[in-house]
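Thanks for coming. I will take a few minutes on one chain, starting with the whole and ending with single residues.

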Amino acid sequence: KLVSKTHPEHQTVINISDTVTVGGQDLLIIGGPCAVESLEQMEQVARHLAHTSVQMLRGGVFKPRTSPYSFQGLALEGLHILKGISQRHHIPVVTEVMSIEQIESVVTYADMLQIGSRNMQNFELLKALGKAGKPVLLKRGLAATIEEFVMAAEYILSHGNPNVILCERGIRSFDNFTRNVLDLGAVVGLKQLTHLPVIVDPSHAVGKRELVEPLAKAAIACGADGLIIECHPEPEKSVSDARQALSLEDMAELVNHLRPVAVAV
Ligand code: PEP
Ligand code: MN
């Protein structure tokens, strides 16, 4: 398989922008809200995180909501906000793409394309990403096996795009104390099986802000190449995933606490 590690040092390093890479020495830390809600919201996030080790911003503009009556995202307006923020603050951005038709505009406005859990096995979408020309952040499906996850990445690579980052974001299980169950064994396994960078999303894995930091640290201890964490200027007012959003102050503090763990591994 194209994704398979052929020897222990075989590791893909992906350039996301002139200054940001993933898969090498540096931890990639992505922060931002679940959804782009306004220009002011994203300005606050960017300003606050500018002086931290957060290297990339996130924010959904096409939101895969459980209910069709919930906020669906700002769409093109959100893409314009992301682009402006990215240019003014010299920071790359990632946002989710849910359909083949959205790829063209997301490629124009964002530095990396996120494929959400609900689309991990949308094979036509995966094939189209092969020609996207930008890195893809592929999130593990809600109940996908490691084999299914790896084969989803294989779809993108085999259609021409070698720049895929795998993201463990928790899987469904019987206990709903945490939103999902973070599969750290998968992180270790994926690092051994594939040469692709592997990052962890502790926010969607646990769904509760007070559980995010310990699992972020554990992910790094398990060899993750980076983290994607949700934060918001007013967490409890988030239009989506409010319960797991960190305040910007807590986010800045959290990333400071990661350095000693990264040094230790
Ligand atoms: C998200 O990152 O906001 C998201 C919807 O994540 P997932 O696809 O992992 O549920
Ligand atoms: Mn979210």
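Start with burial: of the 265 residues of the chain, 49% count as buried. Please keep in mind that this is a predicted model, and that every value I quote is computed from it.

Now the overall form. The C-alpha trace spans about 45 × 40 × 40 Å along its principal axes. For 265 residues, a compact globule would have a radius of gyration near 18 Å, and the chain has 17 Å, so the two agree. In secondary structure, the chain comes to 9 helices and 10 strands.

How much of the contact pattern joins residues at least 24 apart? If we take contacts between residues at least 6 apart in sequence, the share is 66%.

Next, a pair of helices. Two packed helices are described by the angle between their axes and the distance between the axes. Here the pair is α2, residues 76-89, and α3, residues 100-109. Their axes come within 9 Å and cross at roughly 20°. Angles under 35 degrees count as roughly parallel, and α2 and α3 are therefore roughly parallel to each other. The crossing of α2 past α3 is right-handed.

Which residues make the contact? On the α2 side they are L76, L79, L82 and K83, and on the α3 side S105, V106 and Y109. By type, the residues of this contact divide into 5 nonpolar, 1 polar and 1 charged.

Is L126 buried or exposed? The cut-off for buried is 20 or more other C-beta atoms within 10 Å. L126 has 25 of them, so L126 is buried. Leaving aside residues up to four places away in sequence, L126 touches A152, Y155 and I156. Of these, take Y155: Y155 and L126 are 29 residues apart along the chain, and their C-alpha atoms are separated by 6.0 Å.

The other residue is D250, found in helix α9, residues 248-264. D250 has 17 C-beta neighbours inside 10 Å. Exposed would need 12 or fewer, and buried 20 or more, so D250 counts as partly exposed. There is also a pairing across the sequence to point out: D250 and E213 are 37 residues apart along the chain, with their C-alpha atoms separated by 9.4 Å.

That is the end of my part.

Definitions and conventions: Residues are numbered from 1 along each chain as its sequence is written. Chains are lettered from A and ligands numbered from 1 in the order in which they are written. This is a predicted model: local features need pLDDT of at least 70, side-chain atom pairs count only at pLDDT 80 or more; totals for chains, interfaces and linings use all residues. Helices (H or I, at least four residues) and strands (E, at least two) are DSSP runs, numbered from the N terminus. The radius of gyration is taken over C-alpha atoms; the globule rule is 2.2 Å times the number of residues to the power 0.38. Two residues are in contact if their C-beta atoms, placed from the backbone, lie within 7 Å. Axes are lines fitted to C-alpha atoms, for helices over the stretch in contact, and angles run from 0 to 180 degrees between N-to-C directions. Angles under 35 degrees count as roughly parallel, over 145 as roughly antiparallel, 65 to 115 as roughly perpendicular and the rest as oblique. A crossing is left-handed if the near helix is turned anticlockwise from the far one by less than a right angle, and right-handed if clockwise. Ala, Val, Leu, Ile, Met, Phe, Trp, Tyr, Cys and Pro count as nonpolar, Asp, Glu, Lys and Arg as charged, and the others, Gly among them, as polar.
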